Amino acid sequence: MKEDSSYLIKYTSSGLYCELADAWIDPIKPVKRALISHAHMDHFTFGCDEYISTYETAVIIKERIGKEINIKTYDYEKEFKINGIKISFHPSGHILGSSQIKFSFAEEIWLITGDYKRQKDETCKEYEIVKTDYLISESTFGLPIFKWDEPQKTATDISKWVNSSQEKTSILFCYSLGKAQRILNEISKTNFIKNIYTHSSIYRMNNCYKKLGIDIIETNKLEQTKNNSDLKGSLIILPPALNKNSSLKNFKDRQTGFASGWMSIRALRKRSGYDKGFSISDHADWIAILRTIKESKAKNVFFHHGDSEALNKYLKEKNSINVLQFEYKK
Amino acid sequence: MSLKKFSELFIDLDSCNSTNKKIGILQNYFSSNEALENSWTIYLLTGKKNKRFVSGRSLKTLFSEIYEYPLWLIDSCYLKVGDSAEVISLLLRNMITGKNIKYQDVSLDELLNKSFPELSILKEDYKKLRVKEIWENNPIENLLVINKILTGTFRVGVSIGLITKSIAKLINLDEAIISHRLMGDFIPSEESYKLLIDKKINPSELNYKPYPFLLANTFEKKIIDKSINDFQFEWKWDGIRIQLIKRLGKVSIWTRGQDLVNKSFPELVEKISSIKDDFVIDGELLVWDFKQSLPLNFSLLQKRINRKAPSRSIQKSLPIIFIAYDLLEINGEDQRDSNLEIRRNSLEKHLYNWLNESKEELSNIFKISDLIYPKNWEEVETFKNNSRDKGTEGLVIKNKKSIYTPGRKKGLWWKYKVDPMQLDAVLIYAKGGSGIRAGLYTDYSFALWKDGELIKFASAYSGLNNSEIKELDRWIRQNTIDRFGPVRSVRPEMVFEISFENIQISKRHKSGIAVRFPRITKWRKDKLIKDADTLENAQKLMLNK
């Protein structure tokens with residue numbers, strides 16, 4: 001086995017790092033060169049000299065931060081080189097523009113999945129199976145208790161939840177980028193009959209998706225609603241940060257829900273304080289992680305993000321693949 | 001009639017935080033369901049004494065063996081979920097999807113009266129087959145409920161109170177009647193449900209049932225504006241609250257938790273049987289030190305409760321005493337609508353007669369709760385502060401005009417507890433919580449100094465608010481020194497103020513002391529571990545008591 005120091009990708013205090021290309025992947029501190037897997041803000045850091053991402057990711061990031069940055073874009077599959085290292089983006093199915101990042105050097109391939117899912121999602125490109133020698137997979141939901149329902153089932157549950165509460169304002173909380181658009185898309189295919197209002201942060205992302213050619217149903221901008229009594233019986237979609245009394249006090253008769261993979265656990269559902277939890281996730285569940293490892297044909301796998309203890313042990317017992325761990329240097 | 005319907009009820013109740021909405025949901029359910037199924041539903045939801053067909057541990061083992069699934073992986077999942085029944089129902093989704101089965105709905109009666117009881121008599125191999133069949137022949141949505149019934153753990157935030165309210169609304173009858181009907185053992189049957197919703201009240205129907213207890217509120221400062229003469233003062237004993245019932249010559253001893261405990265206290269049953277009158281008396285049961293005339297440690301009382309049919313020598317070494325508070329019924333006549341003054345007089349008079357007439361030594365086991373007579377509210381304070389000398393935990397203050405009504409109504413009785421004892425201790429271990437606290441480190445162990453070493457002295461689970469719990473959980477994960485199964489030992493850095501009601505010598509603990517009802521009252525971020533208390537300080541508390 002190779003020494004940690006000779007790995008093409010290693011783990012540093014700023015995040016995953018390819019030394020030969022002198023590039024960080026989704027760095028958590030400002031660095032010289034940053035490859036960005038997708039536009040969620042916990043994968044983006046201000047102050048890097050140079051950013052590289054897919055076109056869609058770049059458009060969304062600029063829309064979110066509201067200013068220009070030095071960002072270079074490449075299409076999916078398109079190979080580019082930095083210091084002789086071949087690099088390419090491949091769809092990861094997480095949100096619009098999200099990518100896995102593939103590195104090839106001296107007959108050796110490394111693949112960083114970034115955040116990914118294997119479920120169907122019409123608002124972004126489907127996960128592409130990429131063959132690799134070394135796989136760095138996310139493991140946010142790395143336990144077999146996580147198994148996602150079909151998104152249509154969750155959307156139908158949400159529809160029913162709203163439709164059956166005429167007298168209430170239904171407030172659904174979810175991440176404003178990716179999850180909100182996916183839910184809107186799924187809901188539009190159910191027999192949903194109510195008005196939908198979205199918070200400006202979500203409304204903006206909807207427009208951004210539309211600009212990038214994704215069909216998202218029309219919603220009302222919540223901030224432009226004058227009379228809160230109009231909202232009775234309708235659905236309001238808000239980012240989770242607004243789940244506090246000060247933001248909700250205007251909605252008198254309300255029921256609240258939260259759409260997240262974590263909501264499949266009753267204790268988390270109860271603790272969250274929402275009335276209802278809808279289990280839907282843009283990450284890979286246990287089965288999807290195992291399937292992805294298998295399909296990638298990787299001989300070696302690392303886990304990144306989330307609790308990977310169970311996955312490590314499970315794969316070691318099965319003895320089908322070499323499970324590696326980064327040396328975490330503080 | 002169906003499990004499906006019950007499962008839907010469970011989901012509806014579980015995803016609703018409003019009491020009124022829950023009552024509405026229950027009302028709808030009861031009115032559209034059969035009596036027998038309703039009786040099982042009440043049995044399950046009130047869930048104090050649900051029969052356990054399979055333990056949580058065996059449920060996990062069964063799953064592991066049936067599907068050849070690693071047990072350690074199930075345990076890892078459990079840490080996140082905190083409920084065996086739920087873990088297995090979540091994991092089952094990986095095992096039994098994609099099969100086309102035509103499900104047949106079953107009734108709760110069939111499950112609880114037939115299928116599940118049969119499991120316990122099956123040999124291991126057949127049991128596995130049978131459980132597998134149950135799991136695979138039911139739709140996924142029902143599996144959580146099935147597993148919860150199997151493991152006898154049905155807690156869904158539906159209290160007896162909520163059931164009482166919805167039934168009372170359903171048939172438009174006083175809540176007190178329904179609550180009385182639900183006291184004691186509720187044995188599910190068509191008859192028991194029909195009796196519950198019967199609009200006619202049959203006086204003898206309640207013969208063997210205790211009355212719903214009147215509970216004291218926490219002391220409110222505002223009552224000191226009133227005259228001291230409006231109130232009756234008694235000691236607050238740390239025993240178990242019971243109702244001692246003798247009706248038609250038959251004695252029953254019911255705890256506040258609605259357990260019938262006759263078997264644990266045969267000497268009380270025997271001596272009470274000799275009294276000529278029938279009655280219902282509210283009071284407290286304690287293990288008593290007759291030499292010092294003080295109650296003994298609560299743990300000894302627990303020992304007595306747990307021992308069914310205690311031997312003569314146990315009855316002798318752990319002697320019990322019943323302290324009477326209140327007379328609720330005498331010779332078939334309900335006294336609860338008379339005010340406290342009248343009830344107290346009547347209690348004193350009757351007890352005097354009984355003690356005089358008894359050939360048995362009734363006074364050795366049956367005492368009246370002594371009244372205290374503070375002259376003013378300052379003296380109330382003094383009495384309260386000295387209550388530990390009496391082996392009590394404070395005072396109970398009762399409005400002399402109060403009638404005896406169920407529950408914790410305002411303005412009737414108050415408990416005025418002595419300030420807790422406190423020590424500053426260092427967090428040394430943390431364990432994952434269960435139930436709603438699953439996935440968080442919420443069970444903490446604390447230590448005191450002894451000769452430069454930290455010695456564990458208490459464990460506590462409560463006292464921090466949600467954001468503190470989260471913060472401490474994060475800190476624990478980052479400051480773990482070692483792990484033993486679900487327990488982490490952490491860097492000794494955090495100091496907490498621990499409050500407790502009592503402190504006692506204990507040979508079972510390394511520290512040599514045991515505290516009663518410890519809880520966290522403050523996160524002392526301002527203190528360094530060298531400022532924490534010593535074991536010596538704890539021993540001083542014990543001496544000064």
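Axes here are lines fitted to C-alpha atoms, for helices over the stretch in contact, and angles run from 0 to 180 degrees between N-to-C directions. The model is predicted: local features need pLDDT of at least 70 and side-chain atom pairs count only at pLDDT 80 or more, while totals for chains, interfaces and linings use all residues. Residues are numbered from 1 along each chain as its sequence is written, and chains are lettered from A and ligands numbered from 1 in the order in which they are written.

**View 1. Crossing of helix 3 and helix 7 in chain B.** Helices (H or I, at least four residues) and strands (E, at least two) are DSSP runs, numbered from the N terminus. The axes of helix 3 (residues 35-46) of chain B and helix 7 (residues 108-119) of chain B cross at roughly 65° and come within 8 Å. Helix 3 of chain B is therefore roughly perpendicular to helix 7 of chain B (angles under 35 degrees count as roughly parallel, over 145 as roughly antiparallel, 65 to 115 as roughly perpendicular and the rest as oblique). From helix 3 of chain B, L36(B), E37(B), W40(B) and T41(B) meet L108(B), D109(B) and L112(B) of helix 7 of chain B; two residues are in contact if their C-beta atoms, placed from the backbone, lie within 7 Å. This contact of helix 3 with helix 7 of chain B has four nonpolar, one polar and two charged residues. Ala, Val, Leu, Ile, Met, Phe, Trp, Tyr, Cys and Pro count as nonpolar, Asp, Glu, Lys and Arg as charged, and the others, Gly among them, as polar.

**View 2. The contact between chain A and chain B.** Chain B gives 21 residues to the contact and chain A gives 15 residues. On the side of chain B that touches chain A, helix 5 (71-81) and helix 6 (84-95) of chain B are the elements that give two or more residues. Helix 6 of chain B gives the most to that side, with six residues. By class, the side of chain B that touches chain A has 10 nonpolar, seven polar and four charged residues.

**View 3. Helix 5 of chain B and its packing partners.** Buried residues of this helix are L73(B), I74(B), S76(B), C77(B), Y78(B), K80(B) and V81(B). A residue is buried if 20 or more other C-beta atoms lie within 10 Å of its own, exposed if 12 or fewer, and partly exposed in between. The buried residues of helix 5 of chain B pack against helix 6 (266-272) and helix 8 (309-318) of chain A, and against helix 4 (56-66) and helix 6 of chain B. Just after helix 5 of chain B, G82(B) has a positive phi of about 80°.

**View 4. The largest nonpolar core.** A nonpolar core is a set of buried Ala, Val, Leu, Ile, Met, Phe, Trp, Tyr and Cys residues joined through C-beta atoms within 7 Å. The largest has 140 residues, and those with the most contacts inside it are I9(A), I237(A), C77(B), V81(B), V87(B) and L91(B). Leaving aside neighbours within four places in sequence, C77(B) is in contact with L143(A), P144(A), I145(A), V87(B) and L91(B). Another core, of 42 residues, lies apart from the largest one and includes I272(B), W288(B), L301(B) and L327(B).

**View 5. F446(B) in strand 14 of chain B.** Strand 14 of chain B covers residues 441-450. F446(B) counts as buried, with 24 C-beta neighbours inside 10 Å. Beyond four places in sequence, the contacts of F446(B) include A425(B), L427(B), F457(B), F496(B) and I498(B). F496(B) is 50 residues from F446(B) in sequence and 8.2 Å away in space, C-alpha to C-alpha.

View 6. N331(B) sits in the loop between strand 7 (320-330) and strand 8 (333-334) of chain B, and is exposed, with 11 other C-beta atoms within 10 Å. F517(B) belongs to the loop between strand 20 (513-516) and strand 21 (519-523) of chain B, and is partly exposed, with 15 other C-beta atoms within 10 Å.
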